[in-house]
Amino acid sequence: MARESFDKEIQFLRMLVLTSGAYNRQQFAKRLGISVHTFDKTIRKLKDIVSSTGGQPEEQSREFADALRLNYYDSSDPLLLFLFRAKSLKESESLRLALILAALHEKPQTALELLEICCNAPDTAEIALFPDEKTIRSDLRYLEEVGVIKRVPGPRPYRYRMQDDLVRKLTDEELRDLLNFVDVMANTQVPSVQGYLLRDHLKKSAAHKRSGGDGGDGRDGGDGSDGGGGGMSDAGEPFLYKYHYYSRILDEAHLFTLLGAIQNRRKVTFLYFSPKSDTSYSSKNTNPLFEREHEGKAETALPIKVVYDHQYGRWYMLANNSRDGIRKYRLEGMTQIAEGEQVAAELFEAKRSELEARIQHSWLIDTGRTVTVSVRFFHPGGSEPNFVRERVLLQGQWGAIVEEDEEAFIYEIVVNGTTEIRPWLRSFGSSCEVLAPASLRREMIEEWKEIASYYESV
């Protein structure tokens, strides 16, 4: 699938999540920067992908937007993850690798034996598979590099087998504990896509053990008291985490492209749509009769750092732009990303040092002028341990407590601007009082007055 199409579907799904189906077809197409015809075509394509990856039962005929809106709390499985599964491989590659892994799961095989299995598969004629020996060996090298299979010691021709020793040797209880740990980490840490994919694999392994398909692994059955192995699913999922910013995993499609560019000191070119823009995507029309000006801005920049904002669930790329110097881009507005020229190591290190100096006192990524923020935090009455003080010490970064008595303590920190620290201070509610700067104190007073007005009697 073309890179542009992938970008389009990412923006398409993000808007479906954020608007929760509130737009009609015309409004959606206008906001996205595509035609209504393209909107309908993309909806059909996404429905096909969902049904092919098992994400939506066939008997459900409701609109795709309804599925996104109504299934939010039903499961801890992120529906948007299906896009990564569907776009990671071509259809022929997906089928071929599935055949290879299924064959290796039964017993070790050579490349020629796997070639024969692929060529004799019933679906081969449907998608014109017919791989050659070179293709099979390339697939085996790829699977070996990513740790899915391993070569069996012995003479040529080499035989390969599945590398699932860890999962096979775990007891039911150990496998359940590992699955629960991966479940927690995938839903609370970033990036998460790899964690979700690992969790899916562990779920399948657990189901395989419960069905008795792991009989000959030499493991004692001493843990069968765990509900016959069914304790891993019969009681339902033990954790139903839902991160507040569900669409954040869509930006991970670009994350590793940018990290690779940073590692290789390469510039990137992309079409950028500012968060203030009326549209978030612009199609590339090949027909000159339908060519139109896009609202995005073509950018070339040297990426230096990628930062994630937990407060708002946003990914940022900090880069050096030859025109503006240090620039900050939100990943959700970046489309059509491509690597450009490589820069010298000396230049890259100079730009990195400049950036680090600019964000030295940033609560997150703010590069404005520094200001000293002074806040009085009140101790919770009769509460032990003192959760307010502990939270300030844990989350307060390089700030310090400069004064303390029985009722309160004063915390000070030097930051670049007050915009980014304000939501953190606001989250303490009546447990904190901003002392300085005066401008921040006035802004907090106005915000609390506005909030108080929402609760006036009607």
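Two strands count as paired if DSSP finds at least two bridges between them. The model is predicted, and the pairings below rest on that rule.

**Strand β6 and its partners**

Strand β6 covers residues 314-321. It is mostly covered, with 7 of its 8 residues buried. Strand β5, residues 297-309, runs antiparallel to β6 and is joined to it by 7 bridges. Within this pairing, Lys305 has Leu318 of β6 as its bridge partner. β6 also pairs with strand β7, residues 325-330, again in the antiparallel sense, over 6 bridges. Here Ala319 has Arg327 of β7 as its bridge partner.

| Strand pair | Sense | Bridges |
|---|---|---|
| β5 and β6 | antiparallel | 7 bridges |
| β6 and β7 | antiparallel | 6 bridges |

The hairpin of β5 and β6 has 4 residues between the strands. Gly313 in that hairpin takes a positive phi near 70°. The hairpin from β6 to β7 passes through 3 residues.

In a regular strand, side chains alternate between the two faces of the sheet.

**Helix α12**

Helix α12 spans residues 252-263, 12 residues in total. Which residues of α12 are buried? They are Glu252, Ala253, His254, Leu255, Leu258, Gly260, Ala261 and Ile262. Buried here means under 20% relative accessible area. Just after α12, Arg265 takes a positive phi of about 55°.

Technical notes: Residues numbered from 1 in each chain as written. Predicted model: local features only at pLDDT ≥ 70, side-chain atom pairs only at ≥ 80, totals over all residues. Heavy atoms only, no water. Buried < 20%, exposed > 50% of the residue type's maximum accessible area, 1.4 Å probe, protein only. Helix = DSSP H or I, 4+ residues; strand = E, 2+ residues; numbered from the N terminus. Expected span 1.5 Å × (residues − 1).
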